Amino acid sequence: MSHQYTFETQLLHNKHKFDPATGGVSVPIQHASTFHQPSAVKFGKYDYSRSLNPTREALEEIITELEGGVRGFAFSSGMAAISTAFLLLSQGDHVVVTEDVYGGTYRMVTQVLNRFGIEHTFVDMTDLDAVEKAIRPNTALLYAETPSNPLLKVTDIKAVSAIAKKHGAYTFVDNTFMTPYLQRPLELGADIVLHSATKFLSGHSDTVAGLAVVKDEELANRLYTLQNSFGAVLGVQDAWLVMRGIKTLSVRMKKSQESAKKIAEFLKDQPLIKNVFYPGLADHPQASLQLRQAFGPGAVLSFELENAEVLARFIELVRLPVFAVSLGAVESILSYPAKMSHAAIPQDERERRGISDGLLRLSVGLESADDLIADFEQALDSIGILEAQKEEV
Ligand SMILES: Cc1ncc(COP(=O)(O)O)c(C=O)c1O
């Protein structure tokens, strides 16, 4: 309906702009688990809410339109969406997974899929030769997360999808960090786009949800069967919260991204910061690829302090961001990947992947960028004074 409009307008003016029954300017929350059927010979569209629920369906239609797919599915968490999509694979299949993938996805691939005879290879997906080399005759899926979590490495979605196609494999892309406001993987060749809607899409640290959008009907029918069989569907209250979050997605992403750029520039000049990882920095190895395939670098960055001790001090001193698991919220969130999102990856493996004990991930919220920078500055200054005193003793 709304393809002539810009993305910002589409966020608000879609099929679910108002309730056709009442004119209510909000999608009604339909709590019913079951639906009365008109006769024994003909059932209505809805029969049972695991299979289809009008509130969940509204969210599924909205995300389908925003990602440019044919059909969308809402799940009880990002991991439920990702795990259910992985169930499209069968025993004997092999998957190639991006190396610094989200810890929960790592755990599912290494501790669950392996028990069902699905093999995996992790590769640095910024290296397309390595991707090619990892392909085996039974490779059924290439799984990318871009920019990756937590090191913000950028995978060329078009190139990886082309490699997958050449070998008869699917491409799934976790688009959590970008959202369709910044990146549309299906338009770049991916078959399924996945989200932890817990993050930027809902945006307020108050909902756990997952979404999947599929590019073609045949695959969509298969994923629907899995959603209905596995049953990890999103509840209606949460579906409503995600829809409310989506209405303000563009303004939130725009503001957070602007602040993230300023903060990354500030952090990169700080002597106590060893590295800043952000695809919006000119010296990021895939900065131009990011600009080619997405509309911006996003609102998540990570940076490395000297070691775990300095990191602990920084966390004690910093006042504005919450120190928590998760990202993509109105408030800035500082996370400790080694102990939080990526704790499921064994330490030696984590270190080999560059996820050190001094690495912090920052998801930039809607506070003033100047206030956030001043906060980081006072924390770094205090650490600097303490370090200088230590040296004097
Ligand atoms: C990139 C990414 N994908 C998937 C997930 C999993 O989503 P959820 O926590 O909603 O299950 C997360 C959660 O942190 C994530 O950051």
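Because the model is predicted, local features are described only where pLDDT is at least 70 and side-chain atom pairs count only at pLDDT 80 or more, while totals for chains, interfaces and linings use all residues. Residues are numbered from 1 along each chain as its sequence is written, and side-chain values use heavy atoms, with hydrogens and water left out.

The protein chain is divided into domain 1, residues 7–247, and domain 2, residues 250–392, with bounds that come from an automatic or database domain assignment. The C-alpha centres of domain 1 and domain 2 are 27 Å apart. Where the two domains meet, 42 residues of domain 1 are in contact with 44 residues of domain 2, contact meaning heavy atoms within 4.5 Å. The size of an interface is often given as the accessible area lost when the parts come together. Here domain 1 and domain 2 bury about 3300 Å² between them, and 61% of this lies on carbon and sulfur atoms; buried area is the accessible area (1.4 Å probe) that two parts lose on being put together, summed over both. Of the area that domain 1 buries against domain 2, Leu151, Leu182 and Phe200 supply 21%, more than any other three residues.

Polar atoms also meet across this boundary, with 18 residue pairs in polar contact between domain 1 and domain 2, both residues at pLDDT 80 or more. A polar contact is a pair of N or O atoms within 3.5 Å; within protein, one must be able to donate a hydrogen and the other to accept it, and residues adjacent in sequence count only if both atoms are side-chain atoms. On the side of domain 1 that touches domain 2, helices H4 (103–112), H6 (157–166), H7 (179–182) and H9 (236–247) each supply at least two residues, and H4 gives the largest share, four residues. Helices (H or I, at least four residues) and strands (E, at least two) are DSSP runs, numbered from the N terminus.

Side chains of opposite charge can pair when their charged atoms come close. A salt bridge is a side-chain nitrogen of Lys or Arg within 4 Å of a carboxyl oxygen of Asp or Glu, and the count by this rule comes to 13. Lysine 153 lies in the loop between strand E4 (139–145) and H6, and aspartate 124 in the loop between strand E3 (119–123) and helix H5 (128–134), so the pair ties together parts that are 29 residues apart in sequence. Between domain 1 and domain 2 the count is one salt bridge.

A polar side-chain atom of lysine 199 is 2.5 Å from an oxygen atom of the ligand, and a polar backbone atom of methionine 79 lies 2.8 Å from a ligand oxygen atom.

Finally, consider the backbone of one loop. Most residues other than glycine have a negative phi, and most peptide bonds are trans. Yet a cis peptide bond joins threonine 146 and proline 147, with omega about -5 degrees, and another cis peptide bond joins asparagine 149 and proline 150, with omega about 10 degrees. Proline 147 is in the loop between E4 and H6, and proline 150 has its place in the loop between E4 and H6 as well.
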